[in-house]
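Me: I have a model open and want to learn how to read it. Take me through it feature by feature, please.

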Amino acid sequence: MARKKIALIGAGNIGGTLAHLAAIKELGDIVLFDVVEGVPQGKALDLSQCGPIEGFDAKITGSNDYADIAGADVIIVTAGVARKPGMSRDDLLGINLKVMKAVGEGIRNNAPDAFVICITNPLDAMVWALREFSGLPHNKVVGMAGVLDSARFSHFLADEFQVSVRDVNTFVLGGHGDTMVPVVQYSTVAGIPVPDLIKQGRSTKERIDAIVQRTRSGGGEIVALLKTGSAYYAPATSGIAMAEAYLRDQKRLLPCAAYVDGKYGLDGLYVGVPVIIGKDGVEQIVEIELDDEARGNLQVSVDAVKELLDACKGIDESLK
Ligand code: APR
């Protein structure tokens, strides 16, 4: 059986880390694409030289030519600019929208059968625009946000309850911005809901509220520390989990920015919801009952995403 092919559009911090992880996990051969000449080639050579030590056979190449992504099974998009201190994800909109147009066309013309995972921010608007520009089916274009936001939430909760991260299960819905919705009601430690753990006196509502807030601004906390860019290790790990779910038909239920039309009272936009990812891409959107607080917060988040979509339509006529 031929090896799978993974194309990474954007060979920056996340792109390089994605390539490293994909090679170590032997997900397939890897093409790193970037507009900057030399960077994808240099990173590909450096990463290839990990092979003899790690023992992977993945072929890693760098390219500035979209023709080289032809036949890709999975494409992960991180092309664009990342946040600097003081910038919100939304500040990136105008610049990254133009990048999505070029990337969408590159995908449409060279790898229209791929499963595409978008990581570029502002995520919910960029994944929507990328789908529009590429013309791929909605179930084959998805955004990475919820896996990362949930990992941040889980990490903070594991710290709070002094338990292994392996026993913490959380998810975060809504847009990938300050209005995201970490859902406390469905967050558990070994199946025990967080509200029950509060009742047992293992934490307090105030402390959990503070963790929810820290999760919401989790990306900004890292930007403020790094000063020259944004998070990349955990975003890359999250993207790889989604790629692996597709390539290995794992049917994982993950929070992702998916196209929702009908469920959750939404009519055709990308936002973070629980989805099942398998060989057909987004195979199902899972609708869960939310308490009043979570439902209200989700609405606020959806409204924020809609504003971004309107801004995109204002910038690029073809999106109307
Ligand atoms: N086509 C391909 N690559 C591009 C294009 C383009 N039109 N425009 C920019 N790039 C490349 C840059 O040359 C750079 O190598 O995208 C890469 C981005 O890398 P970084 O600046 O290191 O950013 P990174 O940390 O990887 O984040 C990428 O993901 O999480 C989001 O907010 C983040 O939008 C940002 C994206």
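Me: How many helices and strands does the protein have?

Reply: Helices (H or I, at least four residues) and strands (E, at least two) are DSSP runs, numbered from the N terminus. The protein has 11 helices and 14 strands. One caution on the source: this is a predicted model, where local features need pLDDT of at least 70 and side-chain atom pairs count only at pLDDT 80 or more, while totals for chains, interfaces and linings use all residues. Residues are numbered from 1 along each chain as its sequence is written.

Me: What radius of gyration does the protein have, and what would a compact globule have?

Reply: The radius is taken over C-alpha atoms, and the globule rule is 2.2 Å times the number of residues to the power 0.38. For 320 residues the rule gives a value near 20 Å; the protein has 19 Å, so it agrees with a compact globule. Its C-alpha atoms fill a box of roughly 55 × 50 × 40 Å along the principal axes.

Me: What percentage of the residues count as buried?

Reply: Count neighbours. A residue is buried if 20 or more other C-beta atoms lie within 10 Å of its own, exposed if 12 or fewer, and partly exposed in between; C-beta atoms are placed from the backbone. Here 48% of the 320 residues count as buried.

Me: What share of the contacts comes from residues 24 or more positions apart?

Reply: Two residues are in contact if their C-beta atoms, placed from the backbone, lie within 7 Å. Take the contacts with a separation of 6 or more: 68% of them join residues 24 or more positions apart.

Me: Which domains does the assignment give?

Reply: Domain bounds come from an automatic or database domain assignment. In this protein they are domain 1 (5–143) and domain 2 (146–313). Their centres, taken over C-alpha atoms, are 22 Å apart. Contact involves 35 residues of domain 1 and 35 residues of domain 2.

Me: Which element gives the largest share of the side of domain 1 that touches domain 2?

Reply: Helix 5, with seven residues. By class, that side of domain 1 has 22 nonpolar, five polar and eight charged residues. Ala, Val, Leu, Ile, Met, Phe, Trp, Tyr, Cys and Pro count as nonpolar, Asp, Glu, Lys and Arg as charged, and the others, Gly among them, as polar.

Me: Why does the ligand lie between the domains?

Reply: Both domain 1 and domain 2 give residues to the shell around the ligand, so it lies between them. A residue is near a molecule if its C-beta atom, placed from the backbone, lies within 6 Å of it. Of the 29 residues around the ligand, G10, G12, I14, A79 and N121 come nearest. Helix 1 (13–24) and helix 4 (93–110) are the elements that give two or more residues to this shell. Helix 4 gives the largest share, four residues. The shell has 16 nonpolar, 11 polar and two charged residues.

Me: Which peptide bond is cis, and which residues have a positive phi?

Reply: Most residues other than glycine have a negative phi, and most peptide bonds are trans. Here a cis bond joins N121 and P122, with omega about -5 degrees. P122 sits in the loop between strand 5 and helix 5. Among positive phi values, Q162 has one near 55 degrees and D249 one near 45 degrees. Q162 lies in the loop between helix 6 (146–161) and strand 7. D249 lies in the loop between helix 10 (233–247) and strand 12 (252–261).

Me: Are Q162 and D249 buried or exposed?

Reply: Q162 counts as exposed because it has 7 C-beta neighbours inside 10 Å. D249 also counts as exposed, with 12. Now take G146, in helix 6. G146 is buried, with 31 other C-beta atoms within 10 Å. Among the residues that G146 touches are F171, L254 and G272.

Me: How do strand 13 and strand 14 run?

Reply: Two strands pair if DSSP finds at least two bridges between them. Four bridges join strand 13 (residues 267–278) to strand 14 (residues 281–285), and the two run antiparallel. A hairpin through two residues joins them. G278 has G281 as its bridge partner in strand 14.

Me: What is the strand order in the open sheet of three strands?

Reply: The order is 7-10-11, with antiparallel pairing. Strand 7 (168–169) and strand 11 (192–193) stand at the edges, each with a single partner strand, so one side of each has no neighbour in the sheet.

Key:
Lists of a residue's contacts leave out its neighbours within four places in sequence.
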